[in-house]
Amino acid sequence: MAPTTPAPDLANRPGSTRPDRPMVAVRGLQKSFGPVHVLKDVDLSVSTGEVVVVIGPSGSGKSTLCRCLNRLEVADGGSIEIDGEPLPAEGRRLAGLRADVGMVFQSFNLFGHRTVLDNVTLGPTKVRRTPKAVAREHALALLDRVGIADKADRYPAQLSGGQQQRAAIARALAMRPKVLLFDEPTSALDPEMVNEVLDVMVSLAAEGMTMIVVTHEMGFARRAADRVVFMDDGRIVESGTPDEFFAAPRTERARDFLSKIL
Ligand code: ADP
Ligand code: MG
């Protein structure tokens, strides 16, 4: 008999297949765009279930780091492992990897000519080969989970920004990712819609989802982050618990940055 399986959480993510290793292991990552050296020897290790908030000035390389993690960009040097597996270069294994590393963007990036429900079921049916009926049932549960079950048959343009971003989170979750990356998920939202998205993220964090979140929402960092990482000029210059970091940032750059956003 297999040991009792824990009750599936709503995010219904698969557990790590390699619990002895970090879920995300980035070592010596380098990335340039032409002459511009953007990531300069970035090391970052994220444990299963850990929530890491990445902050830093505009242009410091936060988005590029996220994009390298699911290979929207190809790094020039260093290594990335997800759940103990090196990032595959291309092909079918890359599609699988992309499915393991979900991403939520600032600009939602929903397919505008598809309904919300289709947006959520497309990935699982195409990439994970989930039968349509199963994908649909899971999608409806996820839409309910993020509070927009009644929008399943609408098109993205018929939703508010906050609803679109929650649909985008449901779409990412539908792939049952091992890690979720969020790149400034609330920056494009009207202020009154920020919390409805952050609340979903806080509950995902509480359920044990492994998350890397680029955000300047320090309230979210305090509520949900295990660790805050501060990037400046392509490097991680500080890393600590939210309490440590906000109470006593060690570098002048971090102090200066915090004084501007807090
Ligand atoms: P952040 O997300 O912290 O604001 P980015 O990772 O977006 O920073 O950008 C870091 C640097 O890389 C910036 O100088 C930006 O102009 C540059 N950059 C990012 N993407 C590209 C690209 N596709 N081509 C050229 N330069 C880029
Ligand atoms: Mg960015």
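**Buried residues and helix packing in the predicted model**

Ala25 is buried, with a relative accessible area of 4%, in a model that is predicted rather than experimental. The residue belongs to strand β1, which spans residues 24–33. Apart from neighbours within four places in sequence, the contacts of Ala25 are with Leu44, Ser45, Ser79, Ile80 and Glu81. Ser79 stands 54 residues from Ala25 along the chain, and 7.9 Å separates the C-alpha atoms of the two residues.

In the largest nonpolar core there are 50 residues. Those with the most contacts inside this core are Ile55, Ile169, Phe182, Met201, Leu204, Met211 and Phe220. Helix α6 (residues 191–206) supplies the largest share of this core, nine residues. With residues up to four places away in sequence not counted, Phe182 touches Val104, Ile169, Met201, Leu204, Met211, Ile212, Val213 and Val214. A second, separate core consists of 29 residues, including Val38, Leu44, Cys66 and Ile212. In soluble globular proteins, nonpolar side chains tend to be buried together.

Helix α4 (residues 132–145) packs with helix α5 (residues 161–174) at an angle of about 140°, and the two axes are 9 Å apart. Angles over 145 degrees would count as roughly antiparallel; α4 and α5 are therefore oblique to each other. The crossing in which α4 passes α5 is right-handed. On the α4 side the contact is made by His138, Leu142 and Leu143, and on the α5 side by Ala170, Leu173 and Ala174. Of the residues in this contact, five are nonpolar, one is polar and none is charged.

Methods. Residues are numbered from 1 along each chain as its sequence is written. Chains are lettered from A and ligands numbered from 1 in the order in which they are written. This is a predicted model: local features need pLDDT of at least 70, side-chain atom pairs count only at pLDDT 80 or more; totals for chains, interfaces and linings use all residues. Side-chain values use heavy atoms; hydrogens and water are left out. Axes are lines fitted to C-alpha atoms, for helices over the stretch in contact, and angles run from 0 to 180 degrees between N-to-C directions. Helices (H or I, at least four residues) and strands (E, at least two) are DSSP runs, numbered from the N terminus. Angles under 35 degrees count as roughly parallel, over 145 as roughly antiparallel, 65 to 115 as roughly perpendicular and the rest as oblique. A crossing is left-handed if the near helix is turned anticlockwise from the far one by less than a right angle, and right-handed if clockwise. Contact means heavy atoms within 4.5 Å. Ala, Val, Leu, Ile, Met, Phe, Trp, Tyr, Cys and Pro count as nonpolar, Asp, Glu, Lys and Arg as charged, and the others, Gly among them, as polar. A nonpolar core is a set of buried Ala, Val, Leu, Ile, Met, Phe, Trp, Tyr and Cys residues joined through side-chain atoms within 4.5 Å. Buried means under 20% relative accessible area, exposed over 50%, partly exposed in between (1.4 Å probe, protein chains only).
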